[in-house]
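Reader: I've got a model open on my screen and I'd like to talk through its inside and its surface. Can you walk me through it?

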Amino acid sequence: MASRSHGASPVSVQADPGGGAAGDRERVIPVHELPVPVRAALASLGKGITVLEVKESVDGGRVTYEIDLVEGNVYREVELDAAGNVIGGEVEAWIVAFDSVPEPARRAIEREAAGGAILEVREEEEEDLGETVYEAVLWKGARIYALRIDARGALIERDITLEMLPPGAYLTLLHAAQGGSIVELDEELHDGRLSYEANLVIGDVELEISVDADGNLVELDC
């Protein structure tokens, strides 16, 4: 799922699905739980950054931290080890002026935002598609959500609510979430067909399930 979370992220734990070493895990944590060297390294990046999410990963006993942040008009990810050394990172998107967006994409964003407000537009290079895509953050009714489209205005993905699901998809995802909760829900277009992807947290396990409009399973990642 490509779109980013808007608002507080729930703490979640994902077990290693590949049968890795005991204790391997991945979880979202608050900044104050970072080790002191990592917090110091993060502070050294500058005062103008906003931390969006911190993810702690344990793999084979090695602990690393992936931090999503905004610096100026740039969204980027930085990866650090437990000693605070930067071991990776990449620019993920750029905040752009609305009038710089190609006209077909602007029209699609305006249609989606009708009756609401366009809070931000981001431009990013989508490696899977081999082209530039645009993510608009919209405020409509009581919701703040994201819409991702290509330069031609075609839908790639948008955040939705349970009430917006087709009946078949709604029943399947509601049944799959029994005993847990749905923390993120997206509508996606692949090969001309709509699918619905949900992030579920059940106990201490997070999984992703994707179904079609009739509720048939498309993909399960657990």
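Author: Here are some questions about this model, with answers.

Reader: How many helices and strands are there in the protein?

Author: Keep in mind that this is a predicted model. The chain has 222 residues, and 38% of them count as buried. As for secondary structure, the count is three helices and 14 strands.

Reader: Which element gives the most to the largest nonpolar core?

Author: That core has 13 residues, and Val101, Ile109, Val121, Tyr134, Leu138 and Ile149 are the ones touching the most other members. Two or more residues come from each of α2 (103–113), β8 (131–140) and β9 (143–150). The top contributor, with four residues, is α2.

Reader: What does Ile149 touch, not counting residues up to four places away in sequence?

Author: Ile149 is among the core residues that touch the most other members. Leaving out those sequence neighbours, its partners are Ala105, Ala108, Ile109, Val133, Tyr134, Ala154, Leu155 and Ile156.

Reader: Is Ile144 buried, partly exposed or exposed?

Author: Ile144 lies in strand β9. Buried would need under 20% relative accessible area, and exposed over 50%. Because its value is 48%, Ile144 is partly exposed.

Note on methods: Residues are numbered from 1 along each chain as its sequence is written. This is a predicted model: local features need pLDDT of at least 70, side-chain atom pairs count only at pLDDT 80 or more; totals for chains, interfaces and linings use all residues. Side-chain values use heavy atoms; hydrogens and water are left out. A nonpolar core is a set of buried Ala, Val, Leu, Ile, Met, Phe, Trp, Tyr and Cys residues joined through side-chain atoms within 4.5 Å. Buried means under 20% relative accessible area, exposed over 50%, partly exposed in between (1.4 Å probe, protein chains only). Contact means heavy atoms within 4.5 Å.
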